[in-house]
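Here is a short briefing to read alongside the structure.

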Amino acid sequence: MYKLILCWRYLKTRYLAIVCVVSVMLGVATLIVVNSVMGGFSAKLRDRLHGLLSDVMLEAYDFDGFADPEGKMKRIKDDPLLAKEVVAMSPTLEIFAMLQFQFRDTPVTKTVRLVGVDPASRSAVGGFSEYLTDPERREKPNFQMDATAKERFDRQKRPEPLVFTPLGHPDDPPPPEAPKPTPRTTQGAILGYAIAHFRDRQARAEDGSTRDRRTLQPGDEVVLTTVSGAKLAPVYDRFAVVDYFKSEMSEYDSQFIFVPLEHLQKLRSMEGRVTSIQIRLRDYNKAPAVVARLKELFVQDSLDVQTWEEKQGAVLAAIRVEKGILNILLFLIIAVAGFGILAIFSMIVVEKTRDIGILKSLGASNMGVLQIFLTYGLLLGMIGAGIGTLMGLAITVNINEIEQFLARSTGQDIFPRDVYYFDRIPTEIQPMAIALVNLGSVGIAVLFSILPALRAAFLHPVRALRFE
Amino acid sequence: MPTTINTPVLQARQVRKTYMRGAIATEVLKGVDLTVEAGEFLSVVGASGSGKSTLLHLLGTLDQADAGEVWLDGERIDQAGARRRDKLRNKSFGFIFQFYHLLPELSALENVLAPLYIASSIWAWPFRRADAIQRARALLERVGLGHRLDHRPCELSGGEMQRAAIARALINNPRVLLADEPTGNLDEDAGADIARLLRALNTEEGLTIIMVTHNLEMARTTDRVVRLTHGRVDLSSPIVGLKSVGGGYHLPHGEDQSVHLDRRDALLVSNGAGSSNPGRPEVFGVGHLPQR
């Protein structure tokens with residue numbers, strides 16, 4: 001009984017104890033904020049990594065791909081387990097390529113990844129149409145130029161070659177008719193946003209966000225060079241830019257170019273062949289079972305079956321490791337707070353030596369005195385952790401406002417928006433992490449109060465009473 | 001084996017205590033025998049360092065003797081386990097100290113309640129609370145502090161603090177009140193008040209009191225005085241400065257108050273190991289005994 005009363009009184013009268021509370025509080029708040037922001041970044045990153053990738057993909061090992069995707073998709077549809085789990089499928093043909101275009105009369109060349117898709121089925125798999133910049137195309141994905149693009153395309157039409165008719169003798173038979181120029185039937189291409197834009201750090205919009213400069217307008221013509229299927233001979237064709245896609249994952253936005261599947265097949269002379277089948281699942285948690293079944297089903301075909309997480313395994317693992325290390329480092333903050341508690345508690349024990357002697361003379365046991373100081377540590381830890389949690393949550397929720405305020409008042413950009421492709425600092429509050437942080441910090445507070453508490457408990461009552 | 005005249009409450013038998021200060025051993029008590037009877041008001045006097053406080057601590061189980069025995073109501077308590085000794089300090093002994101030793105964070109009332117807090121678990125407390133507070137109030141009234149229940153120790157005078165300490169010592173109806181220089185830090189008037197209060201508690205309520213003091217004036221008011229010299233009960237200069245008058249003893253100062261004592265009143269004849277001449281009876285305390 002006296003333990004609680006004394007703990008409470010000590011808490012109210014010892015200002016030093018407030019220091020302990022503050023140090024625990026700051027540690028907990030920092031951990032929560034950093035965890036939430038890290039969580040936000042990694043959730044966003046995961047989202048984007050997933051972005052273009054379908055849940056599960058069936059891939060060929062080489063550029064030549066595999067034949068008969070329809071037959072394979074039919075086999076998947078006929079399998080009872082897969083039929084239940086697979087919602088959509090789309091064959092795609094992916095190959096490296098070189099992009100060339102003119103920008104202000106300068107030839108520009110970029111290496112890209114060229115993907116032949118069937119817009120409708122690829123959209124059903126997800127991670128394609130929702131990233132297109134043209135809202136209409138999002139509804140009905142296709143590779144047709146809209147009116148303005150068409151107009152620009154026609155305006156930029158290369159002049160028809162002049163037909164030179166040599167002056168001949170009037171008796172000569174008329175020269176053969178020059179061949180009529182065939183109308184240009186250029187295929188559309190959807191470019192990654194970052195391929196066709198660059199961020200101008202100097203040019204700032206009025207609201208402070210950076211402005212993107214466009215290098216390729218819809219309707220501009222580009223040349224894509226790649227290799228043919230089996231022979232890997234160079235092939236090229238002209239495409240007209242029809243739209244951009246913006247997944248906000250710079251790796252994708254700066255590399256991918258989508259073109260119609262059939263045209264790419266024809267260009268690479270590999271009709272009827274694709275390099276992968278993208279699959280969307282009803283429930284991603286079932287992915288391992290689906291992957292296992294697919295592997296079983298296509299064991300003869302030497303096809304690779306992967307979930308998107310396996311495909312991005314290295315990056316995801318890196319994020320996990322990063323987060324783990326950061327957490328360990330940050331937990332050291334709480335350990336520092338723990339040493340603060342140790343020091344301050346030792347001081348309080350010295351200060352309270354006489355009181356400990358008094359309590360013992362009144363019949364308090366060693367255990368009882370021990371409990372007073374352990375309870376005290378627990379109380380400090382809990383109050384610190386409680387306030388710290390509230391503070392951490394408040395900061396997390398308002399982190400963008402705080403960032404703006406700090407940026408305004410110090411003139412330093414804390415969150416440079418041109419490094420990332422998003423305008424707000426992403427956060428994700430994870431109740432589990434908060435619970436762990438709280439538990440850990442209260443545990444550390446108690447742990448570090450054990451030593452002073454033991455010292456107090458085993459003080460000799462007479463010596464304690466005589467302590468000046 | 002000391003013979004006892006009345007029922008002994010507390011007994012020390014050949015108690016020895018050595019303190020180590022670094023490598024130097026100081027033997028503070030060199031075999032002390034003492035028997036305290038129920039309802040007795042005993043004072044222990046002696047020079048600084050004579051071991052009188054140490055004796056009090058050993059009697060009250062605040063410290064443990066190196067050799068010898070301490071008995072309370074027929075129970076040997078010096079060898080008792082820690083739990084038992086905690087309980088004895090809580091229930092059977094009441095301590096008062098020179099520097100009051102109140103808990104500064106608690107009010108006077110809470111200080112008096114402290115032994116009950118300690119004895120009571122958090123679950124039992126709500127059921128005992130009302131009774132406990134009533135008893136604490138009554139005790140504070142008894143020591144004349146009924147008007148300062150909610151004051152912190154720092155808001156009380158020395159005399160008031162000592163009264164609160166006495167009330168605290170009495171809250172569990174102890175068998176023995178152990179007082180270590182209770183007036184040592186008080187001015188004359190306040191000290192006299194405390195002395196009167198202790199005397200009254202002894203005569204009116206039959207409280208057994210052992211008081212360590214170097215104030216002979218105050219010792220004189222007690223039933224019996226024991227002098228410690230160099231860790232032994234001193235018999236050579238017969239009694240605590242009591243003069244021998246015609247075969248009897250009386251207290252040194254204030255002839256009018258002198259109590260004439262007969263040899264028969266000398267308490268406790270011992271030929272324990274502490275005696276320099278075994279076989280020769282030793283007087284180690286003298287006092288006026290109540291009528292039997």
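This is a predicted model: local features need pLDDT of at least 70, side-chain atom pairs count only at pLDDT 80 or more; totals for chains, interfaces and linings use all residues.

- Chain B has an open sheet of 4 strands, which follow the order β2-β1-β4-β5 with antiparallel pairing.
- At the edges of this sheet are β2 (24-37) and β5 (75-76) of chain B, each of which pairs on one side only.
- As a reminder for reading the sheet, strands pair through backbone hydrogen bonds, either parallel or antiparallel.

**Strand β1 of chain B and its partners**
- With β2(B), strand β1(B) pairs in the antiparallel sense over 11 bridges.
- In that pairing you can find B:Tyr19 opposite B:Thr26 of β2(B).
- The hairpin of β1(B) and β2(B) has 2 residues between the strands, and B:Gly22 takes a positive phi near 65 degrees there.
- With β4(B) (residues 67-72), strand β1(B) (residues 8-21) is joined by 5 bridges, and the two run antiparallel.
- Two positions to look up here are B:Ala12, which stands opposite B:Val70 in β4(B), and B:Arg13, which stands opposite B:Glu69 in β4(B).

**The helix across the sheet**
- Helix α1 (residues 52-59) of chain B lies across β1, β2 and β4 of chain B.
- Relative to β1(B), this helix α1(B) runs at about 120 degrees.

**Where the chains meet**
- Contacts between the chains involve 21 residues of chain A and 24 residues of chain B.
- On the chain A side, α1 (2-13), α14 (353-361), α15 (366-397) and α18 (461-466) each supply at least two of the residues that touch chain B.
- Of these helices, α1(A) gives the largest share, with 7 residues.
- By residue type, the side of chain A that touches chain B has 12 nonpolar, 6 polar and 3 charged residues.

Terms used:
Residues are numbered from 1 along each chain as its sequence is written. Chains are lettered from A and ligands numbered from 1 in the order in which they are written. Two strands pair if DSSP finds at least two bridges between them. Two residues are in contact if their C-beta atoms, placed from the backbone, lie within 7 Å. Axes are lines fitted to C-alpha atoms, for helices over the stretch in contact, and angles run from 0 to 180 degrees between N-to-C directions. Ala, Val, Leu, Ile, Met, Phe, Trp, Tyr, Cys and Pro count as nonpolar, Asp, Glu, Lys and Arg as charged, and the others, Gly among them, as polar.
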